[in-house]
Amino acid sequence: MKTNDLILQTVTKVAAFVIILFSISIFLGGHYSPGGGFVGGLMTSCAVVLLLLAYDLKTVAGLLPIDYKIMIACGLLISVSTVAGSWLFDAPLMTHAFSDFNFPVLGKTTLHTAVLFDLGVYLVVIGVTMTIIQTIGESE
Amino acid sequence: MAFQILLNVILAYTWMFLKTSYSSSAFFVGYFLGLLILFAFRNYFSGRFYLFRVYAIIRLIVIFHRELFLSNIAVLKVVLKPKLDIRPGIFAMQTVLEKDWEITVLANLITLTPGTLVVDVSDDNKTLYIHAMDIEDAEDVIQGIKDSFENAILEVSR
């Protein structure tokens, strides 16, 4: 029996975005508070899974035209190039650097290259989770 | 469009609550992140991603000011010319625009174009009657108006 998913879909329309925003907050807060690339990525893929529950595989693939296998490769590339970047400054591998910057609206902000490494982790986690779920979901 | 902006503001406030910092910079960061999320999910909404429409509105404003400037220069030229060799006339133009505000904006833009002036709108809102200061080829003028203004307005409302 096909039920009307109107309420689920309407709630998803707002909830999915709040979940993604929370996952970004967790991802960016990894240095000073619990969180980081792994939980952040898992939670972002949770939001996509919520979309998958409310809609079907084909609709979500149309909403987010992303090849998650390419996403894994991109994540690995970002992490590897962050690690390799330390070569440019004659430092041992995986040496990270940070500095304070002054931005017009944001004020004093500290940026750290470890966030880029974390971004790679974040993308790989999303890619792997979504690849697993989509592959299982597609097989009859 | 309104729903997307509202959702973006809600996301910005959610970000401020998550960070427990209620400064304007936190709002901007949240708004920017919400913008990225909405852009990633742009196919999810029935309308287009709203920044495209904001861009179209900005472009319409730029066109408006450019035409205002050019029309005054053109009138200045005619006024200062010693010989009066203009051929005034009135022609009709069909429009595909439907909403009231679209027709109003189009009429105002045509009035600001060098040498043309909207005289009347037909009762069924389909035809604009335009007075041209120097009517050489009405078809050319109509095509020019359709290409620049009507498309720019359609860009906003589509």
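A residue is called buried when its relative accessible area is under 20%, exposed when this is over 50%, and partly exposed in between, using a 1.4 Å probe and the protein chains only. By this rule A:Ala54, at 4% relative accessibility, counts as buried. The structure is a predicted model, in which local features need pLDDT of at least 70 and side-chain atom pairs count only at pLDDT 80 or more, while totals for chains, interfaces and linings use all residues. Residues are numbered from 1 along each chain as its sequence is written, chains are lettered from A and ligands numbered from 1 in the order in which they are written, and side-chain values use heavy atoms, with hydrogens and water left out.

**Chain A as a whole**

- Chain A has five helices and two strands, where helices (H or I, at least four residues) and strands (E, at least two) are DSSP runs numbered from the N terminus.
- Read from the N terminus on, the elements of chain A follow the order α-α-α-α-β-β-α.
- The radius of gyration of chain A is 18 Å, whereas a compact globule of 140 residues would have a value near 14 Å; the radius is taken over C-alpha atoms, and the globule rule is 2.2 Å times the number of residues to the power 0.38.
- Along the principal axes, the C-alpha atoms of chain A fill a box of roughly 65 × 35 × 25 Å, and 31% of the 140 residues of this chain count as buried.

**A:Ala54 and its surroundings**

- A:Ala54 is found in helix H2 of chain A, which covers residues 37–54.
- Leaving aside residues up to four places away in sequence, A:Ala54 touches A:Asp5, A:Leu8, A:Gln9 and A:Thr12, a contact meaning heavy atoms within 4.5 Å.
- A:Leu77 is 23 residues from A:Ala54 in sequence, and the two are 33 Å apart in space, C-alpha to C-alpha.

**Chain B as a whole**

- Chain B has five helices and three strands, and along the sequence these follow the pattern α-α-α-β-α-β-β-α.
- Chain B is more spread out than a compact globule, because its radius of gyration is 22 Å, well over the 15 Å that the globule rule gives for 158 residues.
- The box filled by the C-alpha atoms of chain B, taken along the principal axes, is roughly 70 × 35 × 20 Å, and 35% of the 158 residues count as buried.

**Two loop residues of chain B**

- Most residues other than glycine have a negative phi.
- B:Thr20 is not a glycine, yet has a positive phi of about 45 degrees; B:Thr20 lies in the loop between helix H1 (2–19) and helix H2 (24–40) of chain B and is exposed, with a relative accessible area of 59%.
- B:Asn125, also not a glycine, has a positive phi of about 60 degrees; its place is in the loop between strand E2 (116–121) and strand E3 (127–132) of chain B, and B:Asn125 is partly exposed, with a relative accessible area of 33%.

**Where the chains meet**

- The contact between the chains takes 20 residues from chain A and 19 residues from chain B.
- About 1900 Å² is buried between chain B and chain A, and carbon and sulfur atoms give 83% of this area; buried area is the accessible area (1.4 Å probe) that two parts lose on being put together, summed over both.
- Within chain B, the residues that lose the most area to chain A are B:Ile37, B:Phe41 and B:Tyr44, which together make up 36% of what that side buries.
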